[in-house]
Amino acid sequence: MASDSEAMSRPANLTLYSYCWSSCAHRVRIALNLKGLEYEYKAVNLSKGDQFDPEFEKINPLKFVPALVDGDVVVADSLAIILYLEDKYPQHPLLPQDLKKKAVNLQVASIVSSSIQPLQSFFARQFFEKRISLDEKLTWSQNHVNKGFAAIEKLIKEIAGKYATGDEVQLADVFLAPQIFAGVARFQIDMSLYPTLARLNEAYAELPAFQAALPHRQPDAPSTS
Amino acid sequence: MEEPAKLTLYSYWRSSCSQRVRITLNIKGLEYEYKAVNLLKGDHFDPEFEKLNPMKYVPALVDGDTVIGDSFAIILYLEDKYPQHPLLPQDAKKKALNLQAASIVGSSIQPLQNLAVLQFIENKFNADEKLTWAQNHINKGFAALEKLLKEHAGKYATGDEVQLADVFLAPQIYAGLVRFQIDMSLYPTLARLNDAYNELPAFQAALPQQQPDAPSPS
């Protein structure tokens, strides 16, 4: 579906506070790319503690990335940001009109953002690092990712098309892609257990909007040399 | 007001996620059949329940031939289908504020103090560690919510109407107080909101002890 450039809302000045490895920021990068929105990338290095900078705390009191600044509007939290973008920049809509399909998209997003990512995230794992072996930490993360992936696989199996909930890229895809990336790259998840998700992951690899959002393509990615 | 065919809510009395949906149904004046899922007895592992929500979590909602799991997805579905007493404002900033508050509760607090996580920590360490863990995450989230809402709160979290933020906040504050001994004097805005929720019938009727599966007081 070609976007009519007159229908596209031109942003005043978008700034995204992001960390290349943050899968939450990764979701927002995909959404911005899908909607053709340019933005200034401001790196917040979580491993160096940039999130504790008082200037950043003013923007996001929870001190997590991502945070989006759009003129005088500041929105933090990936789900809140993406639904804000949906309303303000309706090109390439990420939520279908059909209520059942919309609910599945929201449920997938919620499974990823509430039941998988927070439990395998950097901060949760740091707590355990002092007390539990690396192996047990990995097992913990894998358990949560596998549980979520098994549920999503069941949820979308019948309705998936080219993408998670049909033949258009939608909210579920925006949340799934970074989680699958993290699952494979960081937690050695066996994607052969989830044939639908594995197939979707291959489809995402073909999309420029998704490719450009990958961690190693970001300005703050470590150089590969 | 659209009248539903037949709404069924799969819920556990103490589940704060279920409580969010109960509040929403009450606010919108929607009657529903309550089906209890006893998490302590493992009802959520029943294959019949898994068909309703493959995550094996409460709540799940059945509306005619539509089945939805996850409180956030359920509540936004109810928002679309039964628009009476809307929970999301039109104003983009206020809407984002509500979504962010809901997300802080739903992603940064509740999942880190749910039953399964707490059982793991108690088994691995002990009950004291379990309490400390839960308190740390709740306090961190409440501190953030206090900062976020302080400037914007009116009678309720984001103004003078009950909105999505209130629906997510009320059960979390309740759990914090009743189960984890959170000192609400640290969060004056949240404490004031909690008092306001206690005055509202829609919120009162959604409280754990009001549910059909709540244990009778001894």
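The structure is a predicted model, in which local features need pLDDT of at least 70 and side-chain atom pairs count only at pLDDT 80 or more, while totals for chains, interfaces and linings use all residues. Residues are numbered from 1 along each chain as its sequence is written, chains are lettered from A and ligands numbered from 1 in the order in which they are written, and side-chain values use heavy atoms, with hydrogens and water left out.

Strand β3 (residues 67-70) and strand β4 (residues 73-76) of chain A pair in the antiparallel sense over four bridges. The hairpin that they form has two residues between the strands, and in this hairpin A:G71 takes a positive phi near 65°. Within β3(A), A:A67 and A:V69 point one way, whereas A:L68 and A:D70 point the other way, and all are buried; buried here means under 20% relative accessible area, exposed means over 50%, and partly exposed lies in between, with a 1.4 Å probe and protein chains only.

Strand β3(A) also pairs with strand β1 (residues 14-18) of chain A, again in the antiparallel sense and over four bridges. In this pairing A:L14 stands opposite A:D70, and A:Y17 has A:A67 as its bridge partner. Strand β1(A) pairs as well with strand β2 (residues 40-43) of chain A, here in the parallel sense and over four bridges, and A:E40 is the bridge partner of A:T15 in β2(A). Because five of the five residues of β1(A) are buried, this strand is largely enclosed by the rest of the structure. From β1(A), A:L14, A:L16 and A:S18 point one way and A:T15 and A:Y17 the other way.

Together with helix α1 (residues 23-34) of chain A, β1(A) and β2(A) make a right-handed β-α-β unit. A crossover is right-handed if, with the strands pointing away from the viewer, the path from the first strand over the helix to the second runs clockwise. Chain A as a whole has nine helices and four strands, the elements being DSSP runs numbered from the N terminus, with helices (H or I) of at least four residues and strands (E) of at least two. Of its 225 residues, 57% count as buried.

The largest pocket has a volume of about 1,000 Å³. Of the 50 residues that line this pocket, the closest to its centre are B:L39, B:Q110, B:N114, B:L115 and B:A116. A pocket is defined on a 1 Å grid over the protein atoms alone, as an open set of points where a 1.4 Å probe fits, with protein on both sides within 12 Å along at least five of seven lines, and lining residues have an atom within 4 Å of a point. Grid points are joined across faces, edges and corners, and the volume is the space filled by probe spheres set on the points. The largest share of the lining, seven residues, comes from α4(A). By class, the lining has 24 nonpolar, 18 polar and eight charged residues, where Ala, Val, Leu, Ile, Met, Phe, Trp, Tyr, Cys and Pro count as nonpolar, Asp, Glu, Lys and Arg as charged, and the others, Gly among them, as polar.

Several backbone features were found in chain B. Most residues other than glycine have a negative phi, and most peptide bonds are trans. The place of B:D70 is in the loop between β4 (66-69) and α3 of chain B, and its relative accessibility of 16% makes it count as buried.

Terms used
Two strands pair if DSSP finds at least two bridges between them.
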